[in-house]
Amino acid sequence: MSTTNTPMPQSDPRPAGDPTPSQAPDPALNAAGPAPGQGTAGPAPAPAPSTDRRTVAPRNGTRWGRISLILGLVALIGGMGVAALVGFTIAPQEAEAGRYLGDTPEGYQTLVTAAFASFILWGLTALAAMVTGVVALVRRERPGRAIAGLLIAFVAPALWFGAFAISALIIASTIS
């Protein structure tokens with residue numbers, strides 16, 4: 001049985017952060033600049049590479065932005081349709097039955113109540129469009145569709161009111 005006599009590795013008595021003699025800093029590259037009377041020996045050293053391993057996602061996705069735009073358009077069109085329906089029908093009903101909604105037939109009251117209750121659905125759809133638009137922007141997707149979805153969802157309630165008011169005024173002006 002033959003054994004080889006290899007020396008055991010010696011542990012280094014220096015702490016882990018101390019530079020080895022081959023890694024000793026160059027005194028000419030002092031942070032305060034060269035010593036008086038000394039010039040620089042060459043170009044400044046390159047900065048150390050970053051140890052930050054975070055990466056930035058490229059701007060190439062459109063999934064959440066597309067969802068935001070679709071939800072915003074659904075909320076806008078659905079809410080405007082309901083508002084226009086009520087706006088176009090309320091003036092003739094009130095002209096026939098009376099000035100207040102309570103004076104109109106019970107079936108029409110139910111229709112108007114259900115139509116205005118559907119604004120909860122359209123409002124939640126607009127809110128979902130806003131949330132998905134923000135998600136798309138945070139995920140650094142292409143911003144066009146996300147911003148369009150956000151803007152549409154933001155102005156949708158004002159446009160719903162406009163659809164109701166304009167349609168009611170148009171029909172009311174033709175009745176009188």
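I began with the aromatic rings and found that ring pairs link Phe 116, Phe 119, Trp 160 and Phe 164 into a cluster. Rings of Phe, Tyr and Trp (its six-membered ring) count as a pair if their centres lie within 6.5 Å. I noted that the model is predicted, that local features need pLDDT of at least 70 and side-chain atom pairs pLDDT 80 or more, and that totals for chains, interfaces and linings use all residues. Residues are numbered from 1 along each chain as its sequence is written, and side-chain values use heavy atoms, without hydrogens and water.

I recorded three aromatic pairs in the structure. One of them joins Phe 116 and Phe 164 edge-to-face, at 6.2 Å centre to centre and 70° between the planes (planes under 30 degrees apart are stacked, over 60 edge-to-face, the rest tilted). Phe 116 is partly exposed at 39% relative accessible area, and Phe 164 is partly exposed at 25% (buried is under 20%, exposed over 50%, partly exposed in between, with a 1.4 Å probe and protein chains only).

I turned next to helix packing. Helix H1 (residues 63-97) and helix H2 (residues 106-138) pack at about 160°, their axes 8 Å apart. The contact of H1 with H2 has 22 nonpolar, 11 polar and no charged residues.

Conventions: Axes fitted to C-alpha atoms, helices over the stretch in contact; angles between N-to-C directions. Helix = DSSP H or I, 4+ residues; strand = E, 2+ residues; numbered from the N terminus. Nonpolar A, V, L, I, M, F, W, Y, C, P; charged D, E, K, R; others polar.
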